[in-house]
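This report describes the arrangement of strands and helices in a predicted model. The sequence and structure are shown first.

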Amino acid sequence: MEIEFYTKWEKDSNLITTRLTGPISEADATAWAKDLTQVLQALPEGTKFKIFVNFFGLNPSSVNAHKSYRNVMPLLLSEYGWRIGYLDLFEEANGLKITSEKGIQCYAAVHCHHDSYKIQEYEKRFGKENEHFYDDPIVSEQWIRNFKMLDPVR
């Protein structure tokens, strides 16, 4: 499998798609994280977005490569009002501060990975109305594209 990474913003659908796959190196993970950060920082003030995190086929080439990407999504999304469900697995994540940069906020997320056992466990334990974990990129994309923002709590 080839290394591929990108992040793109689709303004019309409020969708950010980020992809990281293949036998990535530390440098690949760092470049992906930089692209993702730039896309998020470029969003207009007050933007509400949903995100498709596509790690299908991801196979870090080393422990350092794995370490260089694993905290990116939880830390970045925490700056946009989102706490990823699986953080409940890690006691050290209990103190993670959830903020909202420039009033920009994530309202839905789908996470895709090829490890069916792990991702199905995540879905059972942490899946909710506006966050899912799937092992199929097509199902993931269909779900996130069709997801509409929840009505605010009254």
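## Helices on the sheet

Helix α5, residues 137-146, lies across β1, β2, β3 (48-54), β4 and β5. Its direction runs at about 165° to that of β4.

The strands lie in an open sheet of 5, with the order β1-β2-β3-β4-β5 and mixed pairing. At the edges stand β1 (4-10) and β5 (131-134); each has a single partner strand, so one side of each is left without a neighbour in the sheet. On average, neighbouring strands of this sheet are turned by 10° against each other, direction ignored.

Helix α4, residues 116-126, also packs on the sheet, where it touches β4 (105-112) and β5. The direction of α4 makes about 160° with that of β5.

## Pairing of β1 and β2

Strands of a sheet pair through backbone hydrogen bonds, in either a parallel or an antiparallel sense. For β1 and β2 (residues 15-21) the sense is antiparallel, and the pairing extends over 7 bridges. Opposite L15 in β2 stands E10.

## The buried side of α2

Helix α2 spans residues 63-70, and A65, S68 and Y69 are buried in it. These residues cover an arc of only 85° around the axis, and therefore lie on the same side of α2.

Which elements do the buried residues of α2 pack against? Their partners are strand β2 and the helices α1 (26-41) and α3 (72-78).

How values were computed:
Residues numbered from 1 in each chain as written. Predicted model: local features only at pLDDT ≥ 70, side-chain atom pairs only at ≥ 80, totals over all residues. Heavy atoms only, no water. Pairing = 2+ DSSP bridges. Helix = DSSP H or I, 4+ residues; strand = E, 2+ residues; numbered from the N terminus. Axes fitted to C-alpha atoms, helices over the stretch in contact; angles between N-to-C directions. Contact = heavy atoms within 4.5 Å. Buried < 20%, exposed > 50% of the residue type's maximum accessible area, 1.4 Å probe, protein only. Arc of directions from axis to C-beta.
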